[in-house]
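Visitor: I have a new model open here. Could you walk me through a few spots?

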Amino acid sequence: MFGGAIQMAGAVRARGEQRRTRSDWMAIEKERGISVSASVMSFEYSGLSFNLLDTPGHEDFSEDTYRTLTAVDSAVMVLDAAKGIETQTLKLFEVCRLRDVPIITFVNKVDREGRETFDLLHEVEKTLALDVCPVTWPIGMGRDLKGVYDLVNDRVIMFDPGRGDHIAEISVDASLDSPKLDEVLGKAAADRLREEVELVRGGYPEFDLESFRAGHLTPVFFGSALKTFGVAELLKGIGQLAPPPVARPTDKRVVEPDEAKVSGFVFKVQANMDPNHRDRIAFFRICSGRFKRGMKVKHVRSGKVMALVNPVFFLARDRELAEEAFPGDIMGIPNHGQLRIGDTLSESEDMNFLGIPTFAPEVLRRVRLDDPMKAKQLKKALEDLAEEGVSQVFKPLDGSTWIVGVVGPLQFDVLTTRIESEYNIKAGFEDGGFVTARWVAADTEAEMKRFMDGNKSNMAEDRDGGMVYLARNSWQLNRAQQDFEKIRFTATREQH
């Protein structure tokens, strides 16, 4: 809303409607009213360009979320004032921690009854092992909410209990010891605020930019997104504190954003946005150089040169052709399956950006095809959808039908719907007897052969020809790891 993206706060639904009409092939999004795909939005605020990568909140789609985190330079962790840290927040936080992504915390819904503020901050410190540094502080909560106190500039931002259909902010410069504070808030609320701020300033570390950017300290803002309250402070905070586009590691060297040559990587692919043309949009993060439309870059995996003629920006209100783009920007590249998740496009040398993971699936099912004559089309459908990162496809070495692995069971509903609507194939998924998968590797061919000979009915190939061990239960997996100590079992692997 602040960047002109939507006309009314709380319009997550309104935005959903707009997005759904554009991607109405995602019938499941409409039926269940959930977002199952990460989306990108560019907007400007206060003279700065923001690329907002918004991810699905449902845990069954967490793999999409993890990969989206590879393309960002900082994250905003939104906590519910009543619920605090939820399991999904914790999972995502672990990924941020692995990548040392700086995190800004926004405690949302302070206009409703919530938990004690110190209790919430203690939970963040204890559960996430993060130093916290409040930047704003709520004055009351729920029905008693009067506003927030800006601890940096010593001012009160008054709460306007409007409906969130406008951006209204009344701020009053009032230091803690001024009588103006009593005037604005009333004596009781002002005294309580003075007490709390004294505790805050004595009990929490001062803000340290280096510690924040290293991922050790989080500045905390309070507000209500629905009522557009406290959001301006958050956006200003991101503008001042979050790092500009950062250097990125590749398998050859570290790429700096101010280099002259263009380079970047694909972190997401969305297939069949236009079902008539079987197109795909690859979401491409620019890491260095100044991109100009029509320029040629090398697709490192295939060695081919691609001319990027029709790249698009995902703008707040719509898409438009990207005439030029800079490090940190996210572009959509329409293509017909050449680009995959993890691919690097480079104007200079051959290199692959690192840190784009594939996770071992947590739910495995066997594919059941209703019409055996469509086996070839099914193979194409499964491989197309696997390319998107929606699922993983394994071909058992014993010749039995495909096994599909996903992070959460709701993914199978999405796959069934899309296979039928986009490929006109009726297929289902049934229990295949396997519960988990691990990629396997060994230092010698003889060692690998000995392992495969001893586990024929558990072996499969992924779509890149990598060897995968499918386990029927955790005991079987542990046993295989004990019996074959020279085999490496891995739950994640790099994509490129």
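**A loop residue, a sheet and a helix pair**

Guide: Start with Thr70, which lies in the loop between helix H3 (62-69) and strand S3 (75-80). Helices (H or I, at least four residues) and strands (E, at least two) are DSSP runs, numbered from the N terminus. This is a predicted model: local features need pLDDT of at least 70, side-chain atom pairs count only at pLDDT 80 or more, and totals for chains, interfaces and linings use all residues. Residues are numbered from 1 along each chain as its sequence is written, and side-chain values use heavy atoms, with hydrogens and water left out.

Visitor: Is Thr70 buried or exposed?

Guide: Thr70 counts as buried because its relative accessibility is 1%. Buried means under 20% relative accessible area, exposed over 50%, partly exposed in between (1.4 Å probe, protein chains only).

Visitor: What does Thr70 touch?

Guide: Leaving out residues up to four places away in sequence, Thr70 touches Arg99, Arg248, Phe265, Phe267, Gly355, Ile356 and Pro357. Contact means heavy atoms within 4.5 Å.

Visitor: Now sheets. What is the order of the open sheet of 4 strands?

Guide: The order is S6-S7-S8-S9, with antiparallel pairing. Two strands pair if DSSP finds at least two bridges between them. Strand S6 (136-139) and strand S9 (170-173) are the edges, each pairing on one side only. From one strand to the next, the twist averages 25°.

Visitor: How many bridges between S7 and S8?

Guide: There are 4, joining residues 147-150 of S7 to residues 155-158 of S8 in the antiparallel sense. Tyr149 has Val156 in S8 as its bridge partner.

Visitor: Which helix lies across S6 and S7?

Guide: Helix H7 (residues 187-203), running at about 150° to S6. Axes are lines fitted to C-alpha atoms, for helices over the stretch in contact, and angles run from 0 to 180 degrees between N-to-C directions.

Visitor: Next, helices. At what angle do H10 and H11 pack?

Guide: H10 (residues 375-387) and H11 (residues 410-423) pack at about 120°, with axes 11 Å apart. That makes H10 oblique to H11. Angles under 35 degrees count as roughly parallel, over 145 as roughly antiparallel, 65 to 115 as roughly perpendicular and the rest as oblique.

Visitor: Which residues meet there?

Guide: From H10, Ala381, Leu382, Asp384 and Leu385 meet Leu415, Arg418, Ile419 and Tyr423 of H11.

Visitor: Last one. Which residue has a positive phi in the S1 and S2 hairpin?

Guide: Ser46, with phi near 55°; the hairpin has 2 residues between the strands.
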